[in-house]
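Here is a short report on packing inside one protein model. Look at the structure first, then read on.

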Amino acid sequence: MTQPGRLISFEGIDGSGKSTQARRLAEHLRDTGRDPILTREPGGSPDAEDIRRLLVEGDPDRWSPETELLLFTAARRDHLERLIQPALAEGRDVITDRFADSTRVYQGATRGDLRALVDQLHSLMIGREPDLTFVIDMPPELALTRGLARASGEDRFEEFGLPFQTALRAGFLDLARANPDRCVVIDGNRPEAEVAADVIAHLTVAA
Ligand code: ADP
Ligand code: TYD
């Protein structure tokens with residue numbers, strides 16, 4: 001029987017270097033002969049990417065926190081059904097740039113006090129945690145400069161500003177402390193290659 005693959009998530013505030021590190025980890029795994037899937041949330045499957053556009057474009061106050069939570073959960077459910085679960089079942093590792101911890105922190109703790117609802121929806125509709133989560137930690141002032149410098153047109157959340165990003169950073173660190181079995185905090189305020197080496201070192205220890 002095929003061994004199931006590992007679900008590995010990258011979390012952190014906007015512009016902290018998650019996508020960069022997720023990509024580098026996928027390259028590393030390919031170099032070692034594995035066949036990982038590199039994906040992201042919101043999105044990752046064609047229909048979840050459609051939902052993504054509704055979420056990341058437009059005015060910061062376009063959705064209420066409750067509506068946002070439903071849209072993120074719908075996107076995640078599709079991503080899980082169509083991409084993540086089949087890949088894990090084939091024995092492939094799945095590296096995802098954000099997963100349910102982002103909902104816990106963004107919708108659960110900062111966009112309204114919805115944490116109980118977030119947890120209920122998660123257990124009803126998702127019911128799966130990553131095997132390993134890297135929280136890329138960065139001072140929000142620096143991350144915000146990096147993120148906005150990209151001018152991606154997907155800045156709806158970055159436009160909430162510095163106090164929002166500061167609250168998010170604290171939220172991710174709290175979550176990592178509460179889940180030490182699967183979360184590793186990585187200092188993202190270093191050159192890319194140094195951060196990547198740290199990630200790989202922890203992967204080797206954890207799995
Ligand atoms: P995120 O996915 O967390 O929003 P990205 O990986 O897209 O972050 O990085 C945001 C920006 O910062 C990109 O332009 C990227 O090239 C740059 N960047 C990523 N990691 C580093 C690093 N360690 N040092 C300096 N710049 C970085
Ligand atoms: P992402 O593209 O990862 O943004 P960035 O590259 O700037 O880090 O995610 C888009 C935005 O969606 C981001 O600001 C975080 C937010 N988000 C939530 O609010 N809840 C969620 O469950 C997820 C997955 C993302």
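## Nonpolar cores

This is a predicted model. Its largest nonpolar core has 15 residues. Ile 8, Phe 10, Leu 25, Ile 95, Phe 134, Ile 186 and Leu 203 have the most contacts inside this core. Five elements are listed as giving two or more residues: strands E1 (7-11), E4 (132-137) and E5 (183-187), with helices H1 (18-31) and H8 (192-206). H1 supplies the largest share, 4 residues.

## Around Ile 8

What does Ile 8 touch, leaving aside neighbours within four places in sequence? Its contacts are Leu 25, Val 94, Ile 95, Thr 96, Leu 132, Phe 134 and Leu 203.

## A buried glutamine

Gln 165 is found in helix H7, residues 162-178. Its relative accessible area is 1%. The cut-off for buried is under 20%, so Gln 165 counts as buried. The side chain of Gln 165 makes a polar contact with the side chain of Asp 14, at 2.9 Å.

## Helices H3 and H5

H3 (residues 65-89) packs on H5 (residues 115-125). The angle is about 25°, and the axes are 11 Å apart. Angles under 35 degrees count as roughly parallel, so H3 is roughly parallel to H5. The crossing is right-handed.

Which residues make the contact? From H3 come Leu 69, Leu 70, Thr 73 and Arg 77. From H5 come Leu 117, Val 118, Leu 121 and Met 125.

Note on methods: Residues are numbered from 1 along each chain as its sequence is written. Chains are lettered from A and ligands numbered from 1 in the order in which they are written. This is a predicted model: local features need pLDDT of at least 70, side-chain atom pairs count only at pLDDT 80 or more; totals for chains, interfaces and linings use all residues. Side-chain values use heavy atoms; hydrogens and water are left out. A nonpolar core is a set of buried Ala, Val, Leu, Ile, Met, Phe, Trp, Tyr and Cys residues joined through side-chain atoms within 4.5 Å. Buried means under 20% relative accessible area, exposed over 50%, partly exposed in between (1.4 Å probe, protein chains only). Contact means heavy atoms within 4.5 Å. A polar contact is a pair of N or O atoms within 3.5 Å; within protein, one must be able to donate a hydrogen and the other to accept it, and residues adjacent in sequence count only if both atoms are side-chain atoms. Axes are lines fitted to C-alpha atoms, for helices over the stretch in contact, and angles run from 0 to 180 degrees between N-to-C directions. Angles under 35 degrees count as roughly parallel, over 145 as roughly antiparallel, 65 to 115 as roughly perpendicular and the rest as oblique. A crossing is left-handed if the near helix is turned anticlockwise from the far one by less than a right angle, and right-handed if clockwise.
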